[in-house]
Amino acid sequence: MTPNFYMRKKNMLFVFGCMLLLFSSCVKEKKTQDSKIEYKLFNLENSGWKSKSVSHFLSDIEYKATLVPLQYYILKNEGNQDLQKVDSIYESLKNERVIEIEFKQEQEDDVLKSEYTNRDYESAVKYMSFTIENDFKIVTQSGDTIPCLGTTFERNFKVAPFKRLLLHFGNILPEENIKLIYEDHLFGNGILKFKFTETPIKL
């Protein structure tokens, strides 16, 4: 065999090794968690709030958590524009937090399909409707751990390309910064943390 043959073989092995290394780093990069912070506007007829949203991207799924302004939540549920009444209700609920969390597949496929949850569709819907509240907790800046009091699964009947939950928590002082901890048993992506260092701003 000629020296040129060995040289070509060595070059081919080098190129193959580089390609393998590049592919391996791409696969590792795909598995790592990417995060993004943005803001969401909550608008009603005469009022508006700007609130921080924290997103994590993992295994083709976006997990997006947003603090819901309590006043917005009260107005939306009470259907009353009487600000004095809203203030009164707010005073009685000011130690509560409502967090909206959305799950979205990057190609806008139905995220509750078995290929993402490893369970049949009906079981995935039941899990998100009832059991998932056990997977959430809040840790306050003072170190208290607050369990989720309950969730509301907003059924959009496949109109929107995401699934949305409202998480309800109590016994948190209004001035406390919080961190939402989600132990993902539905999609199997481990523990995700959403840190909120500011409260919603009235516009």
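1. Helices (H or I, at least four residues) and strands (E, at least two) are DSSP runs, numbered from the N terminus. By that count the protein has 5 helices and 11 strands. Please keep in mind that this is a predicted model, where local features need pLDDT of at least 70, side-chain atom pairs count only at pLDDT 80 or more, and totals for chains, interfaces and linings use all residues. Residues are numbered from 1 along each chain as its sequence is written, and side-chain values use heavy atoms, with hydrogens and water left out.

2. Of the 203 residues in the protein, 38% are buried (under 20% relative accessible area, with exposed over 50% and partly exposed in between; 1.4 Å probe, protein chains only).

3. In β4, 8 of 9 residues are buried. β4 pairs with β3 (residues 61-68) in the antiparallel sense over 8 bridges, and 7 bridges join β4 to β8, again antiparallel (two strands pair if DSSP finds at least two bridges between them). To find these pairings on screen, look for Ile 61 with its bridge partner Gln 105, and Phe 103 with Lys 163.

4. Next, helix α5 (residues 121-129), where Ala 124, Val 125, Tyr 127, Met 128 and Ser 129 are buried.

5. Which residues touch the most other members of the largest nonpolar core? They are Phe 103 and Phe 136, in a core of 34 residues (a set of buried Ala, Val, Leu, Ile, Met, Phe, Trp, Tyr and Cys residues joined through side-chain atoms within 4.5 Å). Elements that each supply at least two residues of this core include β3, β4, α5 and β8. A second, separate core has 11 residues, among them Trp 49, Ile 74, Leu 75 and Val 86.

6. Leaving aside neighbours within four places in sequence, Phe 103 is in contact (heavy atoms within 4.5 Å) with residues including Tyr 63, Met 128, Phe 136, Leu 165 and Tyr 182.

7. Finally, across the whole protein, residues 24 or more positions apart account for 60% of the contacts with a separation of 6 or more.
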